[in-house]
2 protein chains.
Amino acid sequence: MPSISEKGRSMPPSPIRKLVHYAEEAKRKGIKVYHLNIGQPDIKTPEVAIEALKNLNINILEYTHSAGNESYRRKLSDYYRSIGIGIDYTNILITTGGSEAVLFALMTCVNPGEEVITPEPFYANYNGFATAAGIKIIPITSSIKNDFALPPIKEIEKKITDKTKGIIICNPNNPTGYLYSKEELFIIRDIIKKHDIFLFSDEVYREFCYDRAEHYSAMLLDGIEQNVIMLDSVSKRYSACGIRIGAIVTRNYEVLGTALKFAQARLSPPGLGQIVAEASLDTPAEYFRSVNREYTMRRNFLVEALNKIPGVYCPKPRGAFYTVVGLPVDDADRFAQWLLEEFEYKKQTVMIAPASGFYSTPGLGQNEARIAYVLNIDDLKNAVEVLHEALKVYPGRTMH
Amino acid sequence: MPSISEKGRSMPPSPIRKLVHYAEEAKRKGIKVYHLNIGQPDIKTPEVAIEALKNLNINILEYTHSAGNESYRRKLSDYYRSIGIGIDYTNILITTGGSEAVLFALMTCVNPGEEVITPEPFYANYNGFATAAGIKIIPITSSIKNDFALPPIKEIEKKITDKTKGIIICNPNNPTGYLYSKEELFIIRDIIKKHDIFLFSDEVYREFCYDRAEHYSAMLLDGIEQNVIMLDSVSKRYSACGIRIGAIVTRNYEVLGTALKFAQARLSPPGLGQIVAEASLDTPAEYFRSVNREYTMRRNFLVEALNKIPGVYCPKPRGAFYTVVGLPVDDADRFAQWLLEEFEYKKQTVMIAPASGFYSTPGLGQNEARIAYVLNIDDLKNAVEVLHEALKVYPGRTMH
């Protein structure tokens with residue numbers, strides 16, 4: 001039997017792969033598992049999007065243009081202009097989800113062996129795309145102690161070598177929910193400009209900002225127009241994760257032209273998804289206001305309730321729908337498994353995503369977990385109660 | 001401005017990229033362009049597939065499982081069993097089109113710098129995926145003189161080095177339409193077995209075999225069960241190219257488990273496409289019979305009509321819906337451009353895909369072109385007439 005590749009062997013498995021098995025076992029035993037681990041919102045996809053599918057009037061589900069349907073690209077550029085990002089449709093390449101946007105951007109800009117810096121904890125799949133592209137992710141550690149703010153400029157600059165090809169940020173952040181301030185983005189801009197490297201800005205949670213906080217896009221930064229590559233997706237914005245429609249947006253036509261070659265090899269992004277995404281752009285503003293109210297309520301409840309549990313610390317993030325919490329446990333991986341394998345409270349338990357999977361520095365995040373608030377408020381209440389009870393009896397409990 | 005990557009620079013552009021521009025120019029001048037260059041069939045997607053979309057009863061377009069919906073994988077495995085391929089759903093990983101199946105298979109099995117052998121002319125995008133994966137495609141040349149049959153075994157073995165990790169075949173073949181015989185597949189099996197390398201078998205045109213010829217799947221080959229990776233897609237089978245649903249099918253669970261890690265990083269294949277693909281499996285047999293009749297008629301017409309043009313040689317392929325023809329021209333690239341830029345006949349012209357883009361040995365295919373018969377018979381008649389007239393006056397015409 002021929003051996004698989006080194007790249008295949010070193011591809012990181014999903015950080016919760018083992019836990020999924022235990023969750024299934026728990027369900028088999030009749031235990032209700034609250035999934036605090038996932039990024040799949042329970043919010044409905046806008047009606048205009050679903051209607052577009054039902055009213056579909058086509059006979060052949062054809063390839064679309066490799067860069068995406070021009071009608072969709074034009075309408076999407078209107079949306080970007082409406083939020084102050086002055087680009088046109090020629091600055092947009094439609095991708096198969098935000099995932100492909102990240103992969104194409106890295107393969108287009110970074111040579112195998114070169115490095116991209118990112119604040120950790122970071123979206124775990126960046127590791128997978130980096131491995132696929134043969135490049136290295138270099139972490140700069142942000143800390144729960146200051147709610148995962150951007151690390152100081154000198155910490156970032158320390159990591160810059162002649163192999164550094166760019167910085168990747170996720171803003172608002174998955175997993176921490178942290179929303180970078182304009183000032184923090186100016187710091188990043190200065191570094192990008194000084195070293196003339198790329199800024200990959202993953203802004204898929206743009207619409208999810210709370211407390212009237214405003215999202216400041218990397219596309220607005222002056223003086224680094226040719227360096228910024230925005231990575232976007234409609235998955236979260238319209239609660240349409242399954243349609244797999246994302247985008248690379250940049251003013252750098254060399255990057256776009258090169259990414260297009262990767263896009264041409266895979267022929268086209270999903271056609272049906274593009275129809276849904278295009279229709280979604282007509283979603284009424286009230287949809288977003290109501291989604292925002294809902295998430296604000298969930299976050300407020302979750303953060304307050306978690307902080308009431310002795311030994312737990314939960315920052316109050318202003319974006320996305322995740323938070324990374326500090327737990328009074330020896331090892332969050334062990335705790336997460338124990339919750340599914342050995343614990344139950346009134347026939348219920350919870351699944352959390354241990355934060356170690358979001359750090360690349362070994363040992364970090366050991367007593368942290370990412371918790372998503374994509375469940376309705378009643379489920380969240382039950383889930384927090386379960387977590388509270390669990391921490392009373394978990395054998396590896398530590399005192400802070 | 002930071003420089004793009006070497007990989008990005010060396011990604012091959014679409015072989016017809018330049019021609020697309022000239023085709024647009026011709027259309028702007030009011031000239032009707034017959035697209036003999038494309039692989040987008042004009043055949044309707046089965047009604048059951050379109051109906052599935054219209055009757056959709058879901059509120060949230062969620063992520064699916066990274067390996068694809070289990071219901072679809074189960075039903076797909078029934079289909080494979082119905083054509084004699086004894087596997088179950090655990091042998092299937094659903095991918096975003098056949099494209100992703102090729103990319104994941106190569107990244108899973110082949111290290112950067114290693115080699116995969118393929119008969120040329122070959123599907124041009126294999127080059128793109130190979131470049132993305134950092135691997136090398138090593139061609140063994142098949143010839144129009146014997147209608148693109150498999151090259152002799154000793155020619156294949158000559159190319160095997162310690163860097164060879166597998167052989168990739170496309171059967172029925174794009175671009176030649178050649179259908180490999182059982183005997184040819186046995187030869188390939190013996191080589192695969194002797195050298196214990198992978199066999200990547202791209203069988204997306206399986207349903208398109210003519211003259212009662214039978215397709216013999218690589219999955220049926222004895223003794224290399226752990227070496228065979230079938231790459232499949234529903235794009236052509238159900239004329240649903242735009243839904244982007246393909247599959248990796250193999251009995252090798254190490255390969256599947258590793259490919260799954262790449263699949264997890266990109267979260268899920270398109271959800272709507274999977275719904276369509278699953279529904280398509282109920283397509284009545286008459287659909288395929290009528291499609292087969294239609295393509296047989298088109299092929300018969302096209303091959304006969306092309307061979308009547310002085311100096312043109314067209315093999316009679318038994319599969320897919322392409323043929324590579326020999327043309328009495330100095331350079332098919334130049335001829336293809338001239339057709340769009342300078343020629344018209346009754347306000348019509350044709351676009352062909354120069355075969356040079358399907359060879360990786362420099363200089364080969366210079367007087368060949370791939371012609372697809374995905375147009376209706378009236379359009380094909382006009383297109384062949386245009387080609388006939390064009391060859392009468394093309395300045396670079398050669399005599400054979």
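The model is predicted: local features require pLDDT of at least 70 and side-chain atom pairs count only at pLDDT 80 or more, whereas totals for chains, interfaces and linings use all residues. Residues are numbered from 1 along each chain as its sequence is written, chains are lettered from A and ligands numbered from 1 in the order in which they are written, and side-chain values use heavy atoms, with hydrogens and water left out.

**Interface of chain A and chain B**

- Chain A and chain B each bring 77 residues to the contact (heavy atoms within 4.5 Å).
- About 6,200 Å² is buried between chain A and chain B, 60% of it on carbon and sulfur atoms; buried area is the accessible area (1.4 Å probe) that two parts lose on being put together, summed over both.
- Across this interface the rule finds 40 residue pairs in polar contact, both residues at pLDDT 80 or more. A polar contact is a pair of N or O atoms within 3.5 Å; within protein, one must be able to donate a hydrogen and the other to accept it, and residues adjacent in sequence count only if both atoms are side-chain atoms.
- Helices that each supply at least two residues of the side of chain A touching chain B include α1 (6–10), α5 (97–109) and α9 (253–265) of chain A; helices are DSSP runs (H or I, at least four residues), as are strands (E, at least two), numbered from the N terminus.
- The largest share of that side, 8 residues, comes from α9(A).

**Sheet of chain B**

- An open sheet of 7 strands has the order β2-β8-β7-β6-β5-β3-β4 (chain B), with mixed pairing; two strands pair if DSSP finds at least two bridges between them.
- β2 (92–95) and β4 (136–141) of chain B are at the edges with a single partner strand each, so one side of each has no neighbour in the sheet.
- β5 (residues 164–170) and β6 (residues 198–202) of chain B pair in the parallel sense over 5 bridges, and Phe198(B) in β6(B) is the bridge partner of Gly166(B).
- Helix α8 (residues 182–195) of chain B packs on the sheet, touching β5 and β6 of chain B, and its direction makes about 165° with that of β5(B). Axes are lines fitted to C-alpha atoms, for helices over the stretch in contact, and angles run from 0 to 180 degrees between N-to-C directions.

**Salt bridges**

- The structure holds 46 salt bridges over all chains (a side-chain nitrogen of Lys or Arg within 4 Å of a carboxyl oxygen of Asp or Glu), while the rule finds 0 across the interface of chain A and chain B.
- Glu304(A) and Lys308(A) form a salt bridge through their side chains (3.7 Å, N to O); both lie in helix α11 (residues 285–308) of chain A, 4 residues apart, about one turn of the helix.
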